[in-house]
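Work through the exercises below with the coordinates loaded. Try each task before reading its solution.

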Amino acid sequence: MPEPRPIDKSKPSNHRCINCTEWEKATELPTRHWSDPEKHCETANKDINYWNRCKHFQWNPNKLYKKEEE
């Protein structure tokens, strides 16, 4: 199995719920259709999918990130 590619923090497209500290804490929801919300985030107080974004976003320290260039 190939190693995961590091996440580039400089790309706005990576500022999504899947990379947030709250994703792991969110409650799983039943899914009937691909567009149904996957989880409920208590911090955002709403149902979310991995691609969502919100003002409470914080980088998850357990993920692999691309080294920032100086």
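Buried means under 20% relative accessible area, exposed over 50%, and partly exposed in between (1.4 Å probe, protein chains only). This is a predicted model: local features need pLDDT of at least 70, side-chain atom pairs count only at pLDDT 80 or more, and totals for chains, interfaces and linings use all residues. Residues are numbered from 1 along each chain as its sequence is written, and side-chain values use heavy atoms, with hydrogens and water left out.

**Exercise 1. Cysteines**

Task: count the disulfides, taking a disulfide as a pair of cysteine sulfur atoms within 2.5 Å.

Solution. 
- Step 1. Start at Cys20. The closest cysteine sulfur belongs to Cys17, 6.3 Å away, so the two are too far apart for a bond.
- Step 2. Go to Cys54. Its closest cysteine sulfur is also in Cys17, at 5.6 Å, which is too far for a bond.
- Step 3. Cys20 is buried at 6% relative accessible area. Cys54 is partly exposed at 26%.

**Exercise 2. Salt bridges**

Task: find the salt bridges in the whole structure. The criterion is a side-chain nitrogen of Lys or Arg within 4 Å of a carboxyl oxygen of Asp or Glu.

Side chains of opposite charge can pair when their charged atoms come close.

Solution. 
- Step 1. The search returns 3 salt bridges.
- Step 2. Take Asp8 and Lys66. Their side chains meet at 3.8 Å, N to O. The pair links distant parts of the chain, 58 residues apart: Asp8 precedes helix H1 (21-25), while Lys66 follows strand E3 (46-48). Helices (H or I, at least four residues) and strands (E, at least two) are DSSP runs, numbered from the N terminus. Asp8 is buried at 16% relative accessibility. Lys66 is partly exposed at 43%.
- Step 3. Take Glu22 and Lys25. This salt bridge has an N to O distance of 3.3 Å. Both residues sit in helix H1, 3 residues apart, so about one helical turn separates them. Glu22 is buried at 14%, whereas Lys25 is exposed at 60%.
- Step 4. Take Lys39 and Glu28. Their closest N and O atoms are 3.7 Å apart. Glu28 is exposed at 58% relative accessible area.

**Exercise 3. The setting of Lys39**

Task: is Lys39 buried or exposed, and which residues does Lys39 touch?

Solution. 
- Step 1. Lys39 is buried, with a relative accessible area of 8%.
- Step 2. List the contacts (heavy atoms within 4.5 Å). Leaving out residues up to four places away in sequence, Lys39 touches Trp23, Ala26, Thr27, Glu28, Leu29, Lys46, Asp47 and Ile48.
- Step 3. Check the Trp23 entry. A polar atom of the Lys39 side chain lies 2.9 Å from the backbone oxygen of Trp23.

**Exercise 4. The sheet**

Task: what is the strand order of the open sheet, and how does the sheet pair?

Strands of a sheet pair through backbone hydrogen bonds, either parallel or antiparallel.

Solution. 
- Step 1. Apply the pairing rule: DSSP must find at least two bridges between two strands.
- Step 2. The open sheet has 3 strands in the order E1-E2-E3, with antiparallel pairing. E1 and E3 are the edge strands, each pairing on one side only.
- Step 3. Inspect E1 and E2. These antiparallel strands are joined by 2 bridges. Thr27 stands opposite His40 in E2.

Methods: Polar contact = N/O pair within 3.5 Å; in protein donor to acceptor, adjacent residues only side chain to side chain.
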